[in-house]
Amino acid sequence: MPKAIAIVPEEARAKGELEFQPIPINRFEGSVEGELKAGRLSKDDLIRIHHDMMVIRAFESMLDAVKKQGQYQGIEYNHRGPAHLSIGQEATAVGEAFLLNAEDHILGSHRSHGEILAKGLSAIHQSSDADLHSMMKGYFDGQCLKVVERDKHEDAKDLATDFLIYGALAEIFGRETGMNKGLGGSMHAFFPPLGILPNNAIVGGSADIAVGAALYKKVNRKPGVVIANIGDASAGCGPVWEALCFATMDQYKKLWDEPYRGGLPLIMNFVNNFYGMGGQPVGETMGFGVLARLGAGLAPDQLHAERVDGYSPLAMIDCIRRKKELLARGDGPVLLDTVTYRFSGHSPSDASSYREKAEVEAWQAFDPLTTFADELREAGVLSAADLERMQAKVDDRILRAYKKAIDLDLSPRADLRMPGNLLENVMFSNQTVEKLDDREPDVLMPLDENPRIKQLASRHRSGLDENGKPLPKSRCIAIRDSLFEAIIDRFYQDPTLVAYGEENRDWGGAFAVYRGLTEALPYHRLFNSPISEAAIAGTAVGYGLAGGRVIAELMYCDFMGRAGDEIFNQLAKWQSMSGGLLRMPVVLRVSVGSKYGAQHSQDWTSMVAHIPGLKVVFPATPYDAKGLMYSALLGTDPVIFFESQRLYDMPELFHPGGVPQGRYEIPIGEPDIKRTGGDLTMLTIGATLYRAIDAAAELQDRYGLSTEIIDARSIVPFNYEKVIESVKKTRKIVLISDACERGSALHTMASTINRLAYDELDAPPVVVGARNWITPADEVEDTFFPFPSDILDAIHEHVLPLKGYRVVRPTDTAELIRRNKLGV
């Protein structure tokens, strides 16, 4: 049954006013002595807090010296990479992490060295020796462990602390022994075994990913909370606002079934150091004054928003304790405005010309490492001598890690020059995984009782009858149906699989692919999202890297522009930046429109094909659509799955016997010969297959030319072997796509074919694409997209003159020069 949320006019038009609750600001009034007396913290706890702040300060001071002076403790090293330091913010990181264990996940920003260390140290403290040994031995086959275990250690926690510090530093220095084999670096380092998920170089980039990670915990009933540490200036980023909207959807608390009902276990922590680059959100670049007020605009509970004094580790601990209890009740998410300050510049090259020295000195007077040490002495927890000994031990630990991390023999860089190198091997994981969890999938009915499954059982699997004559489309399995068959089957196999987009539930998708899913799946597996394309894509990234599988849908590929960062910088990159540690089993469905004009009818296959780390497919037949969808939903790589709106009702016309009823896979990257021939090769992408078929028929009927047509099916990866074999036979090739000709992926293919088969070609490969215009109205679309006449024009002018042929539209050399000169 569809949801029933009545929109009552009398209620919507009723007079009244909204009321807001006061938002707490820096309410904590505790002290070291008070926490001891109340029994909330022990002396050992307090010592650990200060120790962890010392570790972060010493670690980042070392990096500061290396960047500014090219040495540390007289030992030279030239670190050419970035180092965005958080010196001054240590209490925020340590206080936040103090109560978190390995099942609690944090995601951060470009300035997250301190958060990595704080979270790691907290998780180490709470882990057993056996778990720590197992974790270190199993992490990248113990590469990092082999370096640090050369020194003597008191116990497993001492060893794990060196492991954490060295692993982070080796990663920052781009070494293969680092946390992510040196492929993440300073701004992207992370360590999942201790609950440290990716940190993000894009401002606010962790916001929607964290929402997706929290969604994974909720849907799959996994323990722990998720905290996104993003800067105060990220409040001005659209994807952050979209993430907050996605995180606060009413359906979590009103429509989802028990035991899934309740808010996401998420804390959106704005680490507020009062600067975004050189701009100041308060008083200059934003208008909120107190960032915590944003919570009041998102939900009636105001996201339990609070400003907390991040210069007090005790205030942070108190806040996280209260918020974790709230999240455990299902009352999330939470928004925090955590006040802190960085003494260092945006980066070591930043001279802080945008702020007065007196301002920095005023904050340094409240330096948490000084003020908290004073409190510990006054409470009798530590003496001055104790603090000196602790500092010396920390400094020694940092120095040992530094010496190891700069030693190329102990800490080599990956050799990326040779074929089959590390980076080549981690761009894709290329695994097939039947399901990502062993539990039974949550479904609402047996698969064979699904009404659409029953309906499709009466349809012809082929679009041709036994005599090869076309059948009515309404009686055949079409592309939308074959996609549905693959997708619903995977929902009954993989319990982690979820699907969402702007119109997925009840409606069944704008193009009817999902009709029949609403009856089969509970709300937490199929739901509607806000019209927030960045959040749709970004949460899919978070859900995938946290351990689940997701089909996200953006409806039109034109809308990818609204999710550009999430697709190009997040979805595409985390597998490789993790050094192969993460998998990204995400399928992003997008349709290529027609008849809807300039903003709804663009083929953007070339845009995503240009981005390394994405697999890109564009099936044009029901058989291929089903087989490629199975491969995408069994794989572990991000797949951008293009679908043509022109073809959703197209039956199977090529594969003998039509579309098989059961499961089968078509390997991503393998093209398919749809028509054999010996005089000319055509390579098509997407819906142009059918226009190529029409052009080939005309070539055969009027000119006696036999055309071989190869449907690319995939754009990335792409196996050229069938194409080259065809070109060796025909010696001529035309490549056709609905993407605008300029910058088309077909030009890459044409160039590659030219290099691989130069001696076999009688003419250069010719690309036929859409005009370099906006897409015009449907009534004149045939002037924009390539139609059979455009294909024949190109063949006649540039490949093989056709006797008696009259060009429909000029495409000779002079015309091509004219168009390019005008940029059209």
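Which residue is the bridge partner of I106 in β5? In this predicted model, for which local features need pLDDT of at least 70, side-chain atom pairs count only at pLDDT 80 or more, and totals for chains, interfaces and linings use all residues, the partner of I106 in β5 is I227. Residues are numbered from 1 along each chain as its sequence is written, and side-chain values use heavy atoms, with hydrogens and water left out.

**Strand β5 and its partners**

Helices (H or I, at least four residues) and strands (E, at least two) are DSSP runs, numbered from the N terminus, and two strands pair if DSSP finds at least two bridges between them. Strand β3 (residues 105–108) pairs with β5 in the parallel sense over three bridges, and β5 in turn pairs with strand β6 (residues 266–272), also in the parallel sense, over six bridges. I227, the partner of I106 in β5, has I267 as its bridge partner in β6. Buried means under 20% relative accessible area, exposed over 50%, and partly exposed in between, with a 1.4 Å probe and protein chains only. Five of the six residues of β5 (residues 226–231) are buried, so this strand is largely enclosed by the rest of the structure.

**The five-stranded sheet**

An open sheet of five strands, with mixed pairing, has the order β15-β17-β16-β19-β20. β15 (672–675) and β20 (766–770) stand at its edges with a single partner strand each, so one side of each is left without a neighbour in the sheet. Neighbouring strands of this sheet are turned by 25° against each other on average, direction ignored; such angles run from 0 to 180 degrees between N-to-C directions, and the axes are lines fitted to C-alpha atoms, for helices over the stretch in contact. Strand β16 (residues 680–684) and strand β17 (residues 707–711) run parallel and are joined by five bridges, and M682 has I709 as its bridge partner in β17. Helix α26 (residues 688–703) lies across β15, β16, β17 and β19 (733–740), and runs at about 165° to β16.

In the loop between β14 (639–644) and β15 lies G669, which touches S714, P717, F718 and N719 when residues up to four places away in sequence are not counted; contact here means heavy atoms within 4.5 Å.

| Residue | Relative accessibility | Class |
|---|---|---|
| G669 | 3% | buried |
| C144 | 5% | buried |
| C740 | 28% | partly exposed |

A disulfide is a pair of cysteine sulfur atoms within 2.5 Å, and by this rule the count comes to zero disulfides. C740 is accordingly in no disulfide, and the nearest cysteine sulfur, that of C557, is 11 Å away.

**Helix α15**

In helix α15 (residues 368–378), the residues P368, L369, F372, A373 and L376 are buried. Seen down the axis of α15, its buried residues fall within an arc of 120°, so they line one face of the helix; the arc is that of the directions from the helix axis to the C-beta atoms. An α-helix has 3.6 residues a turn, so residues three or four places apart point the same way. The buried residues of α15 pack against α2 (32–38), α3 (43–69), α4 (90–97), α13 (313–328) and α16 (384–405). After α15 comes G380, whose phi is positive, near 75°.
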